[in-house]
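Subject: Structure for your review

Dear colleague,

Please find below the structure that I am handing over to you.

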Amino acid sequence: MARMGRLAAFAVFTLMGASPERGFAGDPAAPVAVGVRLSQDEGAAKLVFDLSRPVDATASALSSPDRIVVDMPEVNFQLDPSVGRFGALPNVSIVKDFRFGLLASGKSRIVIDLARAACPAEISARPIVEGEPAARLAIELKACDPSAFAALVRSPAVSTPSGPPPAASAKPVIVLDPGHGGVDSGARGLGGVQEKTLVFGFCAELKRQLDATKRYTIVMTRDGDQYVDLDDRVTIARKANASLFISVHADALSEDANVSGSTVYTVADRASDAEAARIAARENAADRGPGGGSRPDNPDVADILFDLKRRETRTYAHIFSRGLVDNLQGAAKLNHNPERSAGFVVLKAPEFPSVLVELGYLSNPQDVKSLATPEWRAKAAGAMVKAIDAFFAGPGKPDSAPSAESGVVSSAVQAAAPLAH
């Protein structure tokens with residue numbers, strides 16, 4: 001592979017603007033693949049996938065036609081369907097096509113169609129940067145004699161583990177973020193009620209119930225009526241190594257007192273609707289956005305790591321948001337559109353899934369009455385605890401497995417061959 005830097009016909013594929021909103025088949029908690037590139041010369045080829053965390057992979061050979069098959073646990077391939085269309089490449093010496101996708105429930109497969117006999121030289125999944133979970137799955141092939149390829153077809157799969165199993169982790173850290181505080185009272189409602197007071201009382205009750213489970217470590221971004229800017233709220237969560245960030249607010253809509261109910265928001269580059277955009281603008285006005293956190297010196301690596309983290313945590317945030325809405329249905333009145341998204345500054349940290357919960361509208365008399373009662377707080381907090389328990393017990397697995405060809409992305413101009421072959 002040493003000559004590949006000089007001789008390679010190099011193809012680098014841009015990332016698709018994929019997001020959890022688009023949906024995908026299979027396990028939404030699977031590792032995410034957001035980048036793929038192929039380099040090859042007359043004697044070798046290297047196919048690399050950028051993953052949010054490493055996977056164990058095994059390679060085997062199949063004939064008629066000749067191809068290398070790489071099997072692994074399920075991977076969420078968030079890649080442009082046009083990747084790998086090689087008709088314009090000047091040198092197709094080893095790999096003439098590849099495709100990837102979901103093979104069965106919990107299993108993914110990469111199929112590499114060969115232009116000539118080639119054998120796996122190495123399959124590895126190594127960290128992009130030491131200490132970070134993001135990894136590169138590299139599949140290296142070298143040209144070999146047809147008799148050697150035929151022998152490989154008859155032999156067991158080549159396996160290169162990604163590393164030792166992870167050690168048992170500590171309790172998940174849940175950061176509760178009561179909005180506003182101190183000089184920033186937030187929204188004001190009927191009877192002079194203040195958002196900062198209501199949401200702090202709710203977070204205190206939620207913390208009490210979560211502490212009682214003894215399953216979590218709970219961190220509050222403020223422990224009283226003090227002002228905490230948006231930068232510091234995110235910094236607190238980062239320093240605590242947050243597993244989940246829940247920001248709690250209440251809204252007011254003076255022009256329409258009939259609007260009511262709880263809403264759960266996730267972050268998005270574009271707001272889901274005008275109301276979501278309005279609320280995000282109001283909440284973001286409290287302060288400037290959070291810092292991007294530390295990044296490696298190499299800007300290309302930094303962009304890959306940031307995108308991997310952001311995509312995976314946004315996926316988890318959507319899983320939690322849906323579960324939270326489901327659990328709140330029996331405990332609180334929901335808004336007519338209870339699951340929305342917008343560009344909330346406090347939710348943009350890529351390291352951990354984040355949601356913002358608007359408990360209700362302080363401009364609505366019934367919402368004010370409910371939010372002010374200990375009974376409502378206890379019931380709504382209990383629903384949140386159930387959603388949190390379900391999220392950490394194993395989020396979002398579908399009830400039925402998709403077919404072997406579900407979600408398959410082909411790199412060929414012609415129709416994709418099934419991954420099972």
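The notes below go from the whole chain to the central sheet, the disulfide and the aromatic pairs.

Please bear in mind throughout that this is a predicted model.

**The chain as a whole**

The chain has 421 residues, of which 52% count as buried. Its secondary structure consists of eight helices and 18 strands. Among contacts with a separation of 6 or more, 79% are between residues 24 or more positions apart.

**The six-stranded sheet**

An open sheet is formed by six strands in the order β13-β12-β14-β17-β15-β16, with mixed pairing. The edges are taken by β13 (217–220) and β16 (334–342); each has a single partner strand, so one side of each is left without a neighbour in the sheet. From one strand to the next, the twist averages 20°.

Strand β12 (residues 173–178) runs parallel to β14 and is joined to it by five bridges; here proline 178 has valine 248 of β14 as its bridge partner. Strand β17 (residues 354–361) also runs parallel to β14, through six bridges, and serine 354 in β17 stands opposite phenylalanine 245. By contrast, β15 (residues 262–267) pairs with β17 in the antiparallel sense over three bridges, where threonine 263 stands opposite glutamate 358 of β17.

Helices pack on this sheet. Helix α3 (residues 195–213) touches β12, β13, β14 and β17, and its direction makes about 160° with that of β12. Helix α8 (residues 374–393) lies across β12, β14, β15 and β17 and runs at about 150° to β14.

**The disulfide and a further cysteine**

A search of the whole structure finds one disulfide. It joins cysteine 119 to cysteine 144, with an S to S distance of 2.5 Å. Cysteine 119 belongs to strand β9 (residues 118–127) and cysteine 144 to the loop between β10 (135–143) and α2 (146–154), so the bond ties together parts that are 25 residues apart in sequence. The disulfide is right-handed, because the torsion about its S-S bond is about 70°. Both cysteine 119 and cysteine 144 are buried. Cysteine 203 also counts as buried, because its relative accessibility is 0%.

**Aromatic pairs**

The search of the whole structure finds 12 aromatic pairs. In one of them, the rings of phenylalanine 77 and phenylalanine 100 have centres 4.8 Å apart and planes at 35°, so this pair is tilted. Phenylalanine 77 lies in strand β6 (residues 76–77) and phenylalanine 100 in strand β7 (residues 95–104), 23 residues apart. Both phenylalanine 77 and phenylalanine 100 are buried.

A second pair, phenylalanine 320 with phenylalanine 391, is edge-to-face, at 5.4 Å centre to centre and 65° between the planes. Phenylalanine 320 is in helix α6 (residues 299–328) and phenylalanine 391 in helix α8, so the pair ties together parts that are 71 residues apart in sequence. Phenylalanine 320 and phenylalanine 391 are both buried. These two residues belong to one aromatic cluster, formed by Tyr216, Tyr316, Phe320, Phe391 and Phe392.

With kind regards

Technical notes: Residues are numbered from 1 along each chain as its sequence is written. This is a predicted model: local features need pLDDT of at least 70, side-chain atom pairs count only at pLDDT 80 or more; totals for chains, interfaces and linings use all residues. Side-chain values use heavy atoms; hydrogens and water are left out. Helices (H or I, at least four residues) and strands (E, at least two) are DSSP runs, numbered from the N terminus. Buried means under 20% relative accessible area, exposed over 50%, partly exposed in between (1.4 Å probe, protein chains only). Contact means heavy atoms within 4.5 Å. A disulfide is a pair of cysteine sulfur atoms within 2.5 Å. Two strands pair if DSSP finds at least two bridges between them. Axes are lines fitted to C-alpha atoms, for helices over the stretch in contact, and angles run from 0 to 180 degrees between N-to-C directions. Rings of Phe, Tyr and Trp (its six-membered ring) pair if their centres lie within 6.5 Å; planes under 30 degrees apart count as stacked, over 60 as edge-to-face and the rest as tilted.
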